[in-house]
Amino acid sequence: MPPRTREGGISSAPRRRPTRSERRRRVQLREVEPAVDRDPVEHPQHDRDETEEVFEGVPGGPIDRSILRSFDNHVAAKIWLGEDRAPLKLENHGAKLQLWELDAERSRISETVHRSGLAPLTSCSHRVASRPMLSAFCERWQPETMTFHLPFGEMTITLDDVASILHISITGSMISFSQPLRVDDANALLVELLGTTDVEASREMEQCRSPSVRLLWLRDHFSTITDVSSDDDIEFATRAFLIHLVGCTLFADKSATSVAVVYLELFRDLSMVGSYAWGAACLAYLYRQLTTTTRFEVRQLGGYLTLLQAWIYEHFPEMFSSPDLSYTES
């Protein structure tokens, strides 16, 4: 490209390098040339506090709150500000499982439960859960990372932990429901899959004030079914036992007395119950419950507390307290 002049035109002569004497004269001219402000326009100085959001760290919490965005409403933040929360109310149904046991007179129901892969849940549940310990771990749970933020780093419950502690399947078909179950649909499920009358189903859900049934209602209506009963009654009782089982363990909610009817759909075909990834569903449900309890105003913890408590004892054995069997009162 041909060289251009300062005025923007095309120079006809080739550009010549300045000699040493010419460069020396230019330097001398620059030294005597008075300084001229070529940009007299003053630019306004913006205050950093007005244009940028400055995040301040929380004592004992995240340094940058823009990463853990929900920490302002976290129970840990309230505690650092001097607001304490009492230990959570725990919904643990370990004792209820012993109210409906499968003995030799109910071997046909027991065989189906063993084929479902859920039989280990009948014997691994803790009857008592530690309120102070579980409440303390809930205060360490962070919803954004799904981990416990501990003084030495982060830890979380994994699928491998679920398989090792509960001995149920973590692979298979995923458990999901496209939409909430309406009361009319729940009524139809109870009639079809449990053999109840329409009036009985409606009355039970009216008492629960939701598409749910009480655990006590399931035991009263189906726990007396034995091997001498009809095939239909045994099938109804098997479904009732299984929904009672997951309602006391994997999907224990905060009602403390009932289980959602929507889970009954998973037991429509009893031969397919063992194909579901029950462990993955249990872990996802527990994650949701832990996330809910990080809000300061929440006072209850649902989910399978045996999984959470056993995981803590497995990784923090010093927290396990065994009774002193040698103690005697004087």
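User: Which helix gives the largest share of the lining of the largest pocket?

Analyst: That is helix H12 (residues 278–293), with 6 residues. A helix is a DSSP run of H or I with at least four residues, a strand a run of E with at least two, both numbered from the N terminus. This is a predicted model, in which local features need pLDDT of at least 70 and side-chain atom pairs count only at pLDDT 80 or more, while totals for chains, interfaces and linings use all residues. Residues are numbered from 1 along each chain as its sequence is written, and side-chain values use heavy atoms, with hydrogens and water left out.

User: What volume does the largest pocket have, and what makes a set of grid points a pocket or a cavity?

Analyst: The volume is about 400 Å³, the space filled by probe spheres set on points that are joined across faces, edges and corners. On a 1 Å grid over the protein atoms alone, a cavity is a set of points where a 1.4 Å probe fits but cannot get out; a pocket is an open set with protein on both sides within 12 Å along at least five of seven lines, and lining residues have an atom within 4 Å of a point. The largest pocket has 15 lining residues, and Phe177, Phe251, Tyr263, Tyr285 and Arg288 are the closest to its centre.

User: Why is arginine 239 called buried?

Analyst: Arginine 239 has a relative accessible area of 4%. Buried means under 20%, exposed over 50%, and partly exposed in between, with a 1.4 Å probe and protein chains only; arginine 239 is therefore buried. Arginine 239 sits in helix H11. Beyond neighbours within four places in sequence, arginine 239 is in contact (heavy atoms within 4.5 Å) with Leu193, Leu194, Leu264, Phe267, Arg268 and Leu270.

User: How do you know that serine 135 is buried, and what does serine 135 contact?

Analyst: The relative accessibility of serine 135 is 6%, so serine 135 falls under the 20% limit and counts as buried. Serine 135 belongs to helix H6 (residues 131–138). Apart from neighbours within four places in sequence, serine 135 is in contact with Pro87 and Leu88.

User: What makes the approach of serine 135 to leucine 88 a polar contact?

Analyst: A polar atom of the serine 135 side chain lies 2.8 Å from the backbone nitrogen of leucine 88. A polar contact is a pair of N or O atoms within 3.5 Å; within protein, one must be able to donate a hydrogen and the other to accept it, and residues adjacent in sequence count only if both atoms are side-chain atoms. The 2.8 Å distance is within that limit.

User: Is methionine 146 buried, partly exposed or exposed, and what of histidine 167?

Analyst: Methionine 146 has a relative accessible area of 31%, between the two limits, so methionine 146 is partly exposed. Histidine 167 has 55%, which is over 50%, so histidine 167 is exposed. Methionine 146 lies in the loop between strand E2 (141–142) and strand E3 (147–150), and its phi is near 55°, positive in a residue other than glycine. Histidine 167 lies in the loop between helix H7 (159–166) and H8, with a positive phi of about 60°.
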